[in-house]
Each structure stands twice: as C-alpha cells, then as structure tokens.
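Thanks for asking me to look over this one with you. Please have the sequence and the 3D view open as you read.

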Amino acid sequence: PTPPPSEVMGESISAMMARFSKEGVRGGINLGAAFGLPSDMYDYNQMELSVSLAPPDAEADETITFAQREIKTESGGGEHSMSINVSGESIDSGAWFDNNSMLLRFGDASRPMIRYGLSEADAAAIAGLSPMEQYQLCLRADAPSAAIITDWSGALRDVNGLLSAHIDDISESGQTMDGAGKSFDVHIQELALSGEEAQTALGAFVGAWKGDLRSGDMLRIADLTAGQTSAEEDDNEASGTLERMSALLEAGDASMTIKTGVLEDGDTPAMLELAYTCADGDMSMKLFFVGGDTPYTSIALRLPGGDGYDYEERSDANGRSAAHKIYEQGGVLLAESILKNVISEQGDSFESEYSLELIDYSDEEIPEGERITSSGVYIHSAAGGAVNSSFEGTFKMPGEEPIDYTGTLRLSEDYGELEAPAFIEGSGVETSTRRELFEELYAYGENEMTDEQLDAQMAEFHSTPMPLQAFISNMLLLGGAPD
C-alpha cells in the first residue's frame, strides 16, 4: 500500500537531515582538497598522511614535514596523532582512545599527559567515528554521545506531529530539478504552516541543529567569514547563524513552508526546502542530494538580509568539482572557494590534476579578490582494500612566494594497532569532566583564567565551526592554546 504523504514527508526529512549531518563531518570544506586528497580519507580504518613543504629559497634541511596518523582498532580504540619536523627537530603529539578514556600527549614534552575519563555510553557512541572527530567531540560536548543525532525522526517529533495533524493539507505534485548537467523527475510533497505552528516547526529544526554538532557546523559555514551579519556591531543582537534563527522565533506574523521530494526513479529522498517568513525577515534552506555514479550535492542557506551561502559538489567519470559561495548582507558575494579535479583512471590506478582557489572579495580596492591557490597532481593505486598515494604541487598566498609541497597518503580498510604512549600514574593528570579538561588545556603553567573566562572559552569552542575547529584543537596538542 502507498504510505500516507505525512509519512513520506517525515521519512524524507529524516533522510535529508542525516545526509546534511554527514556533510558536517568536514563542515562541507575538505581541508585536504588543498593537496588534492580524497574527501573520504577519514572514512578508512587507517590513514597515514605526510606532507613536506619547501619554503622559497629553503635549504635541503629546512623542509617542514607534517605527518598525521588516524587509526581505528577492531576493539573500538582509536589514535589521532601528529608530528611536525623542522630542520631535524620533531614535535610529536596526539590523542588516543582506549578503555573508556582519552589520553592526550602534547608537543611540549614538559607538559604532563592528560587522561580524560569517558562514560561507557560516550565511549561506545564515538568509537566508530574517525579518531580526529572523537577528539573534537570530547572538547566540544559535555556528553559526546549526545552531540551527534542518529534518530532524526525522534529529534523532529514535533515536526512529524504537525505533518500528521495536517495530513489532508499536504499537496502533491511533480517537478523537474536540474543538477550535475542532468534533469531529475521529483515527486513533491508540500505543507504550509502559519502562526504558532510555523514557530513550532522552525523551533524543532533549530533545536535539532543545535543538538547535532555536524549540522551546526554546516549551518555556520558563513560564520567563518567576518562581516556576514548586520548584528556584528551590536553586542545585544544575536550574530551567529543558529542564534539568528532562534531570534526569528520571537517575531510575529510567522509562516513556514516545508517541501520534500523523492526521485520518481526509485522513490529515493532527494530534496528538502524550508522557507520561513516573519516580521523580522525571511530565511530559507534548500537541500538537493543525488547519489549513484554521478553524485550531486546542492545546499543553499539564506538568512534575513540576504546573507548566507551556497555549496555545490558534483562528480562523474571525468572529475569532481566543488564550490562554496559566501554572501554578506544584501546578497553580495563575499568569498568563494572553487575546487576542480580532472581524473583519469586505468584499472586500479588513478590520477587527478587538481586546483583550488580561495577568493576573498572583502577588500573593495581589490575587486577581483585576493586569492589563495593550490594546484598539483595526485596519484594512487588501490588493491586489497588499501590505497597508496603520492601528490605534489604548489601553494601560494597573496603577496607571498609560492611554496612547493610533496606528500604521501596511505589508506586501509583493515583495522590497525594503537601506538599509545604509557600514562604514568602520579606524573600525568586525571580529569573526569569537560571543565576539568579545559582547566588543564587552557590554564596550564603561567596561564590563569577566571571561571567566567573558562566558561566563555568552553562555549566558544562548542560553537566554533569546522574547519577552524580542526585548527584550534590540533594547535592545543601541538603548540598550546592559540591566541
């Protein structure tokens, strides 16, 4: 029997939110793209990366080498370790997960190691994630097990309740949508809400996005660039994306349209559109995901005033492209990233010529924008669940000489073995709460923080989006708290 439209809409919303959350593992921004690296490299059970940078006019012994190792064990353990080698001097640090605890070793060898105790529920919940994400979740959430939503139907039960209550008001139609150079026939379900019901629906979505750090990271992409909000000059106004969404719930004259779509070919959920209007302005979010041999992703967010971002990614047998566009008030393009890969494959061998541009249009005196660029060649061979890669290219910052780099990447589907340092009772520091952990991270040595400063630091760390989150958390291990 054909399911009722309210059930179809509810299942579509849950599926689309799960996919949106998955995009948030990397915040929609793959840092490895600067070196042509695959976006799924953290999905493997073993990942070992080494990148060597040669600054202009550098001697042979002045090369900077960064290495990163991500290991998952069959028993649920994990390792996120890093090293930096400069002129023969090495700094080693990392986070290791085993026996319901996280062990931290710092680049400053004089600092005692920290062991952070996890509940069985938290340890079990994060065990299957990449060790780098496990580490970040421990820093960002008091209870890591509750920081990623796995049951979107339960998280959005208020929305599902409204769908059931208005089953007779749901309209259905057909629509053609374009993506990746193709047209897709989509079966649409649509419901319009007003007043308190519209506020209830948006409130449910915002509450779920706040509870799911991955989704929050995706929504906060625009927050990475200063100047995107009209509230930045007024400390009394909400300025972050999720905070601004929450503020809309206080305004009157609310209405909301929820639209979902499934592909006619296979009944696969592919589209979700939310449009909210109130006395303080309009906001909208549009998601379109298509899988298969030519996957396509499109995400568009607009907040009152026209600021927000677009993200589009497409792949086929010839290559992959991805682009972010970040807009400020008035819909003015503020920054964008453009990634292009041209691919050639022969059997198990793969070669990609890639280029990445990060363009900042915020300086009116440089209308063409300031550009950070990276380009090069990535090659890999795959066999027996393992991928062995090499890459080389050139990286350039505005006004600086180019920097050449070379590197290797090894990926494996096999579980690995931990290489954790020994924690010595009495010389290391034991912590059992996130607050205690932050006290050791930020108030170590001569650093002193008041309770209010520590509270503010913990709150800021919780809401800092990827990829800035990755930089800060890794700097804590390698060189201490960044300014």
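1. First, the ground rules. This is a predicted model, in which local features need pLDDT of at least 70 and side-chain atom pairs count only at pLDDT 80 or more, while totals for chains, interfaces and linings use all residues. Residues are numbered from 1 along each chain as its sequence is written, and side-chain values use heavy atoms, with hydrogens and water left out.

2. Let's begin inside. The largest nonpolar core has 52 residues; such a core is a set of buried Ala, Val, Leu, Ile, Met, Phe, Trp, Tyr and Cys residues joined through side-chain atoms within 4.5 Å. Buried means under 20% relative accessible area, exposed over 50%, and partly exposed in between (1.4 Å probe, protein chains only). Met17, Trp209, Ile258 and Tyr309 have the most contacts inside this core. Helix H6 (residues 195–211) gives the most to it, with eight residues. Helices (H or I, at least four residues) and strands (E, at least two) are DSSP runs, numbered from the N terminus.

3. A second, separate core has 32 residues, among them Met82, Tyr116, Leu139 and Ala147.

4. Which residues of helix H5 (residues 157–165) are buried? They are Val159, Asn160, Leu162 and Leu163. Seen down the axis of H5, these residues fall within an arc of 160 degrees, so they line one face of the helix; the arc is that of the directions from the helix axis to the C-beta atoms. Arg157 and Ala165, on the other side of H5, are exposed. The cover over the buried residues includes helix H1 (5–23), strand S8 (182–194), H6 and strand S9 (255–263).

5. Helix H11 (residues 468–478) has eight of its 11 residues buried, so it is largely enclosed by the rest of the structure. Among the buried ones are Gln469, Ile472, Asn474 and Leu477. Leu468, also in H11, is partly exposed at 41% relative accessible area. Together with Leu224 and Phe471, Leu468 makes a nonpolar surface patch of about 260 Å². Patches are made of residues with over 30% relative accessible area and no salt bridge, like charges being joined within 9 Å and nonpolar side chains (Val, Leu, Ile, Met, Phe, Trp, Tyr) within 5 Å; areas come from the Shrake-Rupley method with a 1.4 Å probe.

6. On to charges: the structure holds 19 salt bridges, each a side-chain nitrogen of Lys or Arg within 4 Å of a carboxyl oxygen of Asp or Glu. Arg69 and Glu48 form one of them (3.4 Å, N to O). Arg69 lies in strand S2 (residues 64–72) and Glu48 in strand S1 (residues 46–54), so the pair ties together parts that are 21 residues apart in sequence. Arg69 is buried at 15% relative accessible area, whereas Glu48 is partly exposed at 30%.

7. Please also look at Arg244 and Asp307, whose side chains meet in a salt bridge (2.5 Å, N to O). This pair links distant parts of the chain, 63 residues apart: Arg244 is in helix H8 (residues 241–248), and Asp307 is in the loop between strand S12 (296–302) and strand S13 (308–316). Arg244 is buried at 11% relative accessible area, and Asp307 is buried at 1%.

Definitions and conventions: Contact = heavy atoms within 4.5 Å.
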